[in-house]
Amino acid sequence: HQPAPAPGFSNANAPENQVPYGYPQHAPGTYQVLTGFETSNRYEIKNTLGQIVYCAAEDTDCCTRNCCGPARPFTLRIIDNLGHEVITLQRPLRCSSCCFPCCLQELEVQAPPGTPVGYVVQNWHPCLPKFTIQDEKRMDVLKIIGPCVICSCCEDINFEVKSVDETSTVGRISKQWTGFLKEAFTDADNFGISFPMDLDVKMKAVMIGACFLIDFMFFEHAGDKQQRIGVWQ
């Protein structure tokens, strides 16, 4: 089904208000199912009308994917419909557990490739997934706060986008429930992103990067097919 905008946020169909959302394009391929080898992820990014505006592909080698699993470093290239690379996401190899506060997750967003426009930085918290959206000068712009337990049955999982002081909610990144069969037997996920209409276009790109980081951290299945359910794991 087509993801609906998060309630309470402006999300009109006018082009300037179209909010991208993305999801892995395919379930695991036959090779991955038969051998257990992790294959690289591919995504489609659509606007609110369901039109594909970008495609994204993970650029990692086989050894990195299968040795590091969901924690792997990656370069993810976002391509427009003309085949031009417009955004590059780079994630270094770092920890994500609250047990290692000095080396938490970080993702750099480049738009165009080679020009950093912002960062997604994981913040330490004993229970909650928390992130800061920063601009190219490392100034805090927004916060993202997820639920204590990353688990759902028949409902969406929401990561709230908040002001820097965390007093008001201005957007949302949602992992959307896609049905029992798809959730149980495939590694394909749907995400929705909602953000303020007047948010700087560079920060919109960083928000898309945050969605990918959250996908890898919490919804990318490990070799044992177990999904991570919290920052303490």
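## Basis

In this predicted model, local features need pLDDT of at least 70 and side-chain atom pairs count only at pLDDT 80 or more, while totals for chains, interfaces and linings use all residues. Residues are numbered from 1 along each chain as its sequence is written, and side-chain values use heavy atoms, with hydrogens and water left out.

## Overall make-up

The protein has four helices and 12 strands; these are DSSP runs numbered from the N terminus, helices being H or I of at least four residues and strands E of at least two. Of its 233 residues, 48% are buried. Buried means under 20% relative accessible area, exposed over 50%, and partly exposed in between (1.4 Å probe, protein chains only).

The accessible surface is about 11,000 Å², with 58% of it belonging to carbon and sulfur atoms. Accessible areas come from the Shrake-Rupley method with a 1.4 Å probe, and for residues only the protein chains shown count as cover. Among contacts (heavy atoms within 4.5 Å) between residues at least 6 apart in sequence, 44% join residues at least 24 apart.

Strand 12 spans residues 190-194, and five of its five residues are buried. In a regular strand, side chains alternate between the two faces of the sheet. Here Asn190, Gly192 and Ser194 lie on one side and Phe191 and Ile193 on the other, with both faces covered.

Strand 11 (residues 169-176) pairs with strand 12 in the antiparallel sense over five bridges; pairing requires at least two DSSP bridges between the strands. Arginine 172 is opposite serine 194 of strand 12.

## Salt bridges

The structure contains eight salt bridges, each defined as a side-chain nitrogen of Lys or Arg within 4 Å of a carboxyl oxygen of Asp or Glu. One of them joins arginine 72 to glutamate 58 at 2.6 Å, N to O. Arginine 72 is in the loop between helix 2 (62-68) and strand 4 (74-80), and glutamate 58 is in strand 3 (residues 52-59), 14 residues apart. Both residues of this pair, arginine 72 and glutamate 58, are buried.

Arginine 72 also meets glutamate 220, at 3.1 Å, N to O. Glutamate 220 is in the segment after helix 4 (201-219), so this pair ties together parts 148 residues apart in sequence. Relative accessibility is 0% for arginine 72 and 5% for glutamate 220.

Arginine 138 is in the loop between strand 8 (130-135) and strand 9 (140-145), and glutamate 106 is in strand 6 (residues 106-110), 32 residues away. Arginine 138 is partly exposed at 37%, whereas glutamate 106 is buried at 18%.

## Aromatic contacts

There are five aromatic pairs in the structure. Rings of Phe, Tyr and Trp (its six-membered ring) pair if their centres lie within 6.5 Å; planes under 30 degrees apart are stacked, over 60 edge-to-face and the rest tilted. Phenylalanine 159 and phenylalanine 218 form a tilted pair, 6.0 Å centre to centre with 35° between the planes. Because phenylalanine 159 is in strand 10 (residues 157-162) and phenylalanine 218 in helix 4, the pair ties together parts 59 residues apart in sequence. Phenylalanine 159 is buried at 1%, and phenylalanine 218 at 0%.

The rings of phenylalanine 159 and phenylalanine 219 are edge-to-face, because their centres are 6.5 Å apart and their planes at 80°. Ring pairs link Phe159, Phe191, Phe218 and Phe219 into a cluster. Lysine 175 lies over the face of phenylalanine 219, 5.7 Å from the ring centre; this requires NZ of Lys or CZ of Arg within 6 Å of the ring centre and within 35 degrees of the ring normal. Arginine 138 lies over the face of tyrosine 119, at 3.7 Å from the ring centre.
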